[in-house]
Amino acid sequence: MVAFEHPHPHGPLAPTAHLELPFFDDHHRAMANRLVEWLKSQQVDESDDRLACREWVRRLGDAGWLRYCVPQVHGGALPALDSRALVILRETLAHHSPLADFAFAMQGLGSGAITLAGNPAQQARYLPAVATGHKIAAFALSEPEAGSDVASMATRALQTTEGWQLDGRKTWISNGGMADFYVVFAKTDPQAGARGISAFIVDADAPGLDTSHHIAVMAPHPLATLHFDRCSLGQDALVGSLHGGFKLAMQTLDIFRASVAAAALGMARRAFAEAVAHAKQRKMFGQTLADFQLTQARLGEMSALVDAGALLTYRAAWMRDCSIANGAGTPAYTAAAAAAKLTATENAQKVIDMALQMFGGRGVQVGNVVEHLYRDIRSLRIYEGATEVQLLILGKHALKA
């Protein structure tokens with residue numbers, strides 16, 4: 001399958017009025033318009049998800065878009081990671097191809113811990129290569145029995161005279177089997193719960209690492225289970241402070257949580273655009289589908305759901321950028337990002353389902369845009385903090401207020 005076709009006159013990637021909202025600055029708007037124009041000429045054969053992801057990483061790197069995943073000092077586009085830029089990039093990429101968004105997002109998430117806590121040597125070795133697409137990054141936190149309950153992870157890191165030894169398993173790892181390096185979280189003090197977790201950089205060719213167990217999912221993406229069997233690492237593999245891995249993982253996820261909402265938003269906008277175009281041209285009972293009041297009401301509901309997700313997403317990204325610029329903490333942002341991810345992903349699922357219903361039988365035909373989106377959106381309600389976790393974050397925040 002190639003990236004989605006553009007069936008209606010102005011294409012589904014035409015710039016929209018939401019960029020004029022006060023959350024964004026002029027450089028965000030200019031960046032968005034450049035990306036839209038670039039994407040119009042990008043069509044990638046996505047029949048093989050691994051080959052397609054490599055191709056998207058190469059193209060995104062060559063065109064300079066991956067530079068937004070790292071700070072300027074290491075070859076990035078902006079002085080620091082900018083949440084509003086990430087939100088615009090992911091929304092626009094997901095609108096064009098969810099796999100293109102996936103390839104971009106994993107470069108940022110996979111290298112995020114190194115950006116936040118890596119030492120100068122680690123940053124110099126990995127971040128410029130991430131920005132150019134010469135190294136593919138991955139983030140390895142989840143385990144078979146430790147998803148949302150991170151503190152129960154079983155992977156162990158034992159300090160040796162040469163460095164570190166890792167034993168255990170990580171699963172549902174995006175870019176697993178194709179990444180050049182993994183940021184892996186493991187217990188360095190098994191009795192300390194979340195306070196006993198540390199982070200390590202593991203190169204793909206590290207002895208004792210097996211990434212060959214690929215996982216097939218309903219919307220093809222490169223996923224794998226990682227097996228560590230006396231995996232040998234050097235002393236310089238530790239990222240950040242010893243036992244500081246849990247906080248580092250949460251900080252990394254926090255940065256990119258609003259961008260997950262943006263990816264869902266991009267998919268929802270695409271489904272909505274496809275539904276509008278279909279309603280205008282589909283003939284039924286001597287008129288078009290758009291002439292029926294029930295269709296108009298459904299489109300109105302979809303529009304409101306998209307806007308609700310968009311406003312919460314943009315607000316969250318704006319709040320983080322402002323708090324970082326002011327040197328303040330981010331507790332309010334954490335709740336705002338949870339609200340954005342919760343609302344944008346749940347609303348996108350509803351919008352895409354409504355769009356598919358409007359297409360009737362064609363909606364479930366393999367190869368149809370909305371059929372593809374229907375499968376792609378489902379995982380966003382689970383990964384990087386499931387809907388239920390976001391509800392808990394918001395509930396605890398409300399009780400502290």
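Angles under 35 degrees count as roughly parallel, over 145 as roughly antiparallel, 65 to 115 as roughly perpendicular and the rest as oblique. The structure described here is a predicted model, in which local features need pLDDT of at least 70 and side-chain atom pairs count only at pLDDT 80 or more, whereas totals for chains, interfaces and linings use all residues. Residues are numbered from 1 along each chain as its sequence is written, and side-chain values use heavy atoms, with hydrogens and water left out.

**Helix pairs**

Helices (H or I, at least four residues) and strands (E, at least two) are DSSP runs, numbered from the N terminus. Axes are lines fitted to C-alpha atoms, for helices over the stretch in contact, and angles run from 0 to 180 degrees between N-to-C directions. A crossing is left-handed if the near helix is turned anticlockwise from the far one by less than a right angle, and right-handed if clockwise.

| Helix pair | Angle | Axis separation |
|---|---|---|
| α6 (residues 245-281) and α7 (residues 293-325) | about 160° | 9 Å apart |
| α2 and α4 (residues 98-117) | roughly 65° | within 9 Å |

Helices α6 and α7 are therefore roughly antiparallel to each other, and α6 passes α7 in a left-handed crossing. Their contact (heavy atoms within 4.5 Å) involves residues including Ile-255, Leu-265 and Phe-272 of α6 and Leu-299, Met-302 and Tyr-314 of α7. By contrast, α2 passes α4 in a right-handed crossing, where residues of α2 including Cys-53 and Trp-56 meet residues of α4 including Phe-102 and Phe-104.

**Two residues of α7**

Leu-299, found in helix α7, is buried, with a relative accessible area of 14%; buried means under 20% relative accessible area, exposed over 50%, and partly exposed in between (1.4 Å probe, protein chains only). Not counting residues up to four places away in sequence, Leu-299 touches Phe-272, Ala-275, Val-276, Ala-279 and Met-358. Leu-299 and Val-351 are 52 residues apart in sequence, and their C-alpha atoms are 9.0 Å apart in space. Asp-321 also has its place in helix α7 and, at 9% relative accessibility, counts as buried. Once neighbours within four places in sequence are left aside, Asp-321 is in contact with Leu-81, Asp-82, Ser-83 and Arg-84.

**Helix α1**

The buried residues of α1 are His-28, Arg-29, Met-31, Ala-32, Leu-35, Val-36, Trp-38 and Leu-39, and what covers them includes α2 (49-62) and α3 (83-96).

**Strands**

Seven of the seven residues of strand β5 (residues 197-203) are buried, so β5 is largely enclosed by the rest of the structure. Ile-197, Ala-199, Ile-201 and Asp-203 point one way from β5, while Ser-198, Phe-200 and Val-202 point the other way. Two strands pair if DSSP finds at least two bridges between them. Strand β4 (residues 181-187) runs antiparallel to β5 and is joined to it by seven bridges, and Phe-185 has Ala-199 in β5 as its bridge partner. Strand β8 (residues 238-239) pairs with β5 in the antiparallel sense over two bridges, with Leu-238 in β8 as the bridge partner of Phe-200.

β1 pairs with β4 in the parallel sense over four bridges, and the bridge partner of Ala-140 in β4 is Val-184.
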